[in-house]
Amino acid sequence: WIDRVARAIVERAPARALWGSDWPHISFSDVDTGEITSRLAEWAPSAGQRQMILVDNPRRLFAT
């Protein structure tokens with residue numbers, strides 16, 4: 001289910017998406033944090049989308 005939700009967010013609003021985790025305390029999933037992080041390339045296939053999610057969007061959010 002997490003893959004479907006993540007893809008839907010990236011498809012519909014990549015300029016409003018942020019990467020976040022409760023690392024090392026992810027209690028809702030049996031998936032390793034490293035594996036989830038690796039999936040970002042599948043959820044956000046373009047380098048531009050990953051740039052927005054990991055850099056641009058957080059910069060804009062926390063600059064205000």
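Predicted model: local features only at pLDDT ≥ 70, side-chain atom pairs only at ≥ 80, totals over all residues.
Me: In which helix is confidence lowest, and in which is it highest?
Reply: Across the protein the pLDDT averages 85, and 80% of the residues score at least 70. Confidence is lowest in helix H2, residues 33-38, where the mean is 76, and highest, at 94, in residues 47-63, which form helix H4.

Me: On which residue is the kink in H4 centred?
Reply: H4 has 17 residues, and its first and last C-alpha atoms are 23 Å apart, close to the 24 Å expected at 1.5 Å a residue. Even so, H4 has a kink of about 40°, and the residue on which it is centred is isoleucine 53.

Me: Which helix is included in what covers the buried residues of H4?
Reply: The buried residues in H4 are Gln49, Ile53, Asn57 and Pro58. What covers these buried residues includes helix H1.

Me: Is arginine 4 buried or exposed?
Reply: Arginine 4 is placed in helix H1, and its C-alpha atom is separated by 8.6 Å from that of tryptophan 43, 39 residues apart along the chain. Its relative accessible area is 64%, and because the cut-off for that class is over 50%, arginine 4 is exposed.

Me: How many residues apart are the two partners in the salt bridge of arginine 39?
Reply: Among the 3 salt bridges of the structure is the one that arginine 39 forms with aspartate 3, with the closest N and O atoms 3.5 Å apart. This pair links distant parts of the chain, since arginine 39 is in the loop between H2 and H3 while aspartate 3 is in helix H1, and the partners are 36 residues apart.

Me: Is arginine 39 buried or exposed?
Reply: The partner of arginine 39 in the salt bridge is aspartate 3, which counts as partly exposed at 22% relative accessibility. For arginine 39 the relative accessible area is 15%, and because buried means under 20%, arginine 39 is buried.

Me: Which parts of the structure hold arginine 7 and glutamate 42?
Reply: The side chains of arginine 7 and glutamate 42 meet in a salt bridge, at 3.8 Å from N to O. Arginine 7 counts as partly exposed at 33% relative accessibility, and glutamate 42 is partly exposed too, with a relative accessible area of 48%. The pair ties together parts that are 35 residues apart in sequence, because arginine 7 lies in helix H1 and glutamate 42 in helix H3.

Me: About how many helical turns separate aspartate 56 and arginine 59?
Reply: A salt bridge of 3.8 Å, N to O, joins the side chains of aspartate 56 and arginine 59. Aspartate 56 is partly exposed, with a relative accessible area of 26%, whereas arginine 59, at 55%, is exposed. Because the two residues are 3 residues apart in helix H4, their separation is about one helical turn.

How values were computed. Residues numbered from 1 in each chain as written. Heavy atoms only, no water. pLDDT = per-residue confidence, 0-100. Helix = DSSP H or I, 4+ residues; strand = E, 2+ residues; numbered from the N terminus. Expected span 1.5 Å × (residues − 1). Bend = angle between axes of the 7 residues up to and from the residue. Buried < 20%, exposed > 50% of the residue type's maximum accessible area, 1.4 Å probe, protein only. Contact = heavy atoms within 4.5 Å. Salt bridge = Lys/Arg side-chain N within 4 Å of Asp/Glu carboxyl O.
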